[in-house]
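Welcome! Let us take a guided walk through one protein chain, piece by piece. Please keep the picture open while you read.

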Amino acid sequence: ATIRRTEPTAGSGDSARRFGTQRVLVEPDAASGVAVMKFKNPPVNSLSLELLTEFIISLEKLENDKTFRGVILTSDCPRVFSAGLDLTEMCGKNPAHYAEYWKAVQELWLRLYLSNLVLIAAINGACPAGGCLISLTCDYRILADNPKYLIGLNETLLGIVAPFWFKDTLVNTIGHRASEQALQLGLLFLPAEALQVGLVDQVVPEDQVLSTALSVMARWMAIPDHARQLTKNMMRKTTVDRLVKQRDADIQNFVSFISRDSIQKSLQMYLEKLKQKKG
Ligand SMILES: CCC/C=C/C(=O)SCCNC(=O)CCNC(=O)[C@H](O)C(C)(C)COP(=O)([O-])OP(=O)([O-])OC[C@H]1O[C@@H](n2cnc3c(N)ncnc32)[C@H](O)[C@@H]1OP(=O)([O-])[O-]
């Protein structure tokens with residue numbers, strides 16, 4: 001059954017009113033059935049446990065509200081869509097924390113990848129690693145044309161390995177050979193390169209990212225939901241089932257990998273490098 005929450009929703013006739021949480025702003029438009037969801041976890045929208053949790057709650061709320069058929073994911077932070085998984089959640093913590101964190105990452109991916117909603121990523125900033133993964137779960141990706149807005153699964157550059165379901169999501173989008181290179185080299189693509197390899201569907205001037213997302217959304221919304229949803233399910237369910245079948249093993253695997261001294265050292269060095277870069 002659908003649980004209605006107390007905050008005003010577009011269904012209550014208050015379509016201009018924002019709702020959401022501290023780190024996930026939701027701008028609903030009841031008339032069109034589209035909500036814009038903006039990540040607001042400054043400075044770089046790293047996917048902390050809090051952001052993941054709030055993201056899952058906001059998504060569930062929209063999924064349960066029949067008013068909404070489409071969601072545009074974008075960033076409220078200037079220049080960054082999302083810096084990916086929060087390195088501080090994976091560094092210097094205990095195994096129980098790593099397990100809880102990883103479960104939340106899995107949960108978000110599982111919900112996004114098979115969402116009944118039309119999801120469009122309006123990528124208005126840098127989009128590495130986990131940020132790229134989120135965009136890859138969407139049905140369509142639009143990237144702002146700015147040479148600073150690199151996108152890709154760069155995990156190997158940090159000395160870590162993208163899990164098999166990150167890999168599957170990439171392979172489903174750009175194919176096996178391109179993924180093989182992109183993953184091993186930890187490639188971060190410039191907008192034109194991302195477009196060429198099929199990592200994004202459109203590159204547009206920065207000030208047109210959201211308006212383009214809205215017009216693309218109109219096209220997707222013109223398709224009967226039922227047929228579109230079943231088709232999406234047909235395309236993606238096998239990939240999702242692979243993780244569902246071995247969720248616990250995947251958590252164990254992550255915990256033992258991330259707890260290794262050598263991995264902790266590389267992550268700490270990477271974080272240090274990020275901090276020094278600032279000065
Ligand atoms: C098996 C696991 C799979 C892993 C998947 C992943 O997603 S792994 C993730 C892989 N992700 C990456 O490789 C991306 C790493 N990040 C970047 O490349 C850049 O931050 C940027 C291009 C996103 C933005 O550039 P910019 O010049 O606008 O910003 P800036 O660089 O000056 O940073 C500002 C502050 O944010 C901090 N911080 C940054 N990222 C993270 C993070 N993920 N987490 C936590 N903190 C992070 C940074 O230290 C600094 O902190 P300070 O000094 O204020 O205390």
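Two strands are said to pair if DSSP finds at least two bridges between them. Helices (H or I, at least four residues) and strands (E, at least two) are DSSP runs, numbered from the N terminus. What you see is a predicted model, in which local features need pLDDT of at least 70, side-chain atom pairs count only at pLDDT 80 or more, and totals for chains, interfaces and linings use all residues. Residues are numbered from 1 along each chain as its sequence is written.

**The chain as a whole**

The chain holds ten helices and nine strands. Its C-alpha trace spans about 55 × 40 × 40 Å along the principal axes. The radius of gyration is taken over C-alpha atoms, and the globule rule is 2.2 Å times the number of residues to the power 0.38. For 279 residues a compact globule would have a radius of gyration near 19 Å, and the chain agrees with that, at 18 Å.

Two residues are in contact if their C-beta atoms, placed from the backbone, lie within 7 Å. Among the contacts with a separation of 6 or more, 72% link residues 24 or more positions apart. A residue is buried if 20 or more other C-beta atoms lie within 10 Å of its own, exposed if 12 or fewer, and partly exposed in between; here too the C-beta atoms are placed from the backbone. By that rule, 41% of the 279 residues are buried.

**The sheet**

Seven strands make an open sheet with mixed pairing, in the order S1-S2-S3-S4-S5-S7-S9. Its edge strands, S1 (19–20) and S9 (202–204), each pair on one side only. Strands of a sheet pair through backbone hydrogen bonds, either parallel or antiparallel.

| Strands | Direction | Bridges | Example partners |
|---|---|---|---|
| S1 and S2 | antiparallel | two | Phe19 and Val26 |
| S2 and S3 | antiparallel | six | Val24 and Phe39 |
| S3 and S4 | parallel | six | Lys38 and Thr74 |
| S4 and S5 | parallel | four | Val71 and Leu119 |

How do neighbouring strands connect along the chain? A hairpin of three residues joins S1 to S2. S2 and S3 also form a hairpin, with four residues between them, and Gly33 in that turn has a positive phi of about 75 degrees. S3, helix H1 (residues 49–64) and S4 make a right-handed β-α-β unit. The crossover from S4 through H2 to S5 is a right-handed β-α-β crossover as well. A crossover is called right-handed if, with the strands pointing away from the viewer, the path from the first strand over the helix to the second runs clockwise.

**Two strands to look at**

In a regular strand the side chains alternate between the two faces of the sheet. Is S4 covered on one face or on both? Both faces of S4 are covered: Gly70, Ile72 and Thr74 are buried on one side, and Val71, Leu73 and Ser75 on the other.

**The core**

A nonpolar core is a set of buried Ala, Val, Leu, Ile, Met, Phe, Trp, Tyr and Cys residues joined through C-beta atoms within 7 Å. The largest one has 75 residues, of which Ile72, Ile120, Ile123, Ile142 and Ile151 touch the most other members. Helix H2 (residues 95–113) gives the most to this core, with nine residues. Leaving aside residues up to four places away in sequence, the contacts of Ile123 include Phe81, Tyr149 and Val200.

The buried residues of helix H4 (residues 164–174) include Trp165, Phe166 and Leu170. They pack against H2, helix H3 (129–136), helix H5 (176–185) and helix H8 (225–245). After H4 comes Gly175, whose phi is positive, near 90 degrees.

Now find Ala213 and Ala218, which both lie in helix H7. Which of them is buried and which is exposed? Ala213 counts as buried because it has 26 C-beta neighbours inside 10 Å. Ala218 is exposed, with 11 other C-beta atoms within 10 Å. Not counting residues up to four places away in sequence, Ala213 touches Ile72, Ile120, Ala122 and Ile142. Ala218 and Ser32 are 186 residues apart in sequence, yet their C-alpha atoms are 8.5 Å apart in space.
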